[in-house]
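Open the model in your viewer and keep the sequence alongside. The stops below say what to select and what is there.

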Amino acid sequence: QVQLVESGGGAVQAGGSLRLSCSASESIFSFNIVAWYRQVLGKQRELVAQIINRGSANYADSVKGRFTISTDNAKNTVYLQMNSLKVEDTGVYYCVAQKQRTNYWGRGTQVTVSS
């Protein structure tokens, strides 16, 4: 059973930065997609960033130029570097990995951006 554990969330002022980490229980190479989603209170969960088949990264328009998804294969870890944070980035961020057409989700980490 794949396990994903997020960390790095917290409270930050607008304009600040955070780096989220997602530690996987197995090699990143076993997944065809790794991604970060977020859920803002009262809204549907949305895709923030993803890497498909270890190719280039894709980002939601709202975070392009501010967020960067990356992987450290030696550490089985997926990162989300978030810069120039905005109040509207507040939410619970989830790490997701897809393997053999099954999506595995972490439990999420809270990010709170204040003005």
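Predicted model: local features only at pLDDT ≥ 70, side-chain atom pairs only at ≥ 80, totals over all residues.

Residues are numbered from 1 along each chain as its sequence is written, and side-chain values use heavy atoms, with hydrogens and water left out.

Stay on Ser21, which lies in strand β3. Strands here are DSSP runs (E, at least two residues), numbered from the N terminus. Ser21 has 16% relative accessibility and therefore counts as buried; buried means under 20% relative accessible area, exposed over 50%, and partly exposed in between, with a 1.4 Å probe and protein chains only. Now show what Ser21 touches: leaving out residues up to four places away in sequence, the list is Val5, Glu6, Ser7, Trp36, Thr77, Val78 and Tyr79. Contact means heavy atoms within 4.5 Å.

Next, select residues 18-24 and 77-82. These are β3 and β8, antiparallel strands joined by six bridges. Two strands pair if DSSP finds at least two bridges between them.

Which cysteines form a disulfide? Select Cys22 and Cys95, whose sulfur atoms are 2.0 Å apart; the cut-off for a disulfide is a pair of cysteine sulfur atoms within 2.5 Å. The pair links distant parts of the chain, with Cys22 in strand β3 and Cys95 in strand β9, 73 residues apart. A search of the whole structure finds one disulfide. The torsion about its S-S bond is about -75°, so the disulfide is left-handed. Cys22 is buried at a relative accessible area of 0%, and Cys95 is buried at 1%.

Finish on β9 (residues 91-99) by selecting Gln98. Is Gln98 buried or exposed? At 19% relative accessibility, Gln98 counts as buried. Its side chain makes a polar contact of 3.1 Å with that of Asn103. A polar contact is a pair of N or O atoms within 3.5 Å; within protein, one must be able to donate a hydrogen and the other to accept it, and residues adjacent in sequence count only if both atoms are side-chain atoms. Not counting residues up to four places away in sequence, Gln98 touches Phe31, Asn32, Ile33 and Asn103.

Technical notes:
Helix = DSSP H or I, 4+ residues; strand = E, 2+ residues; numbered from the N terminus.
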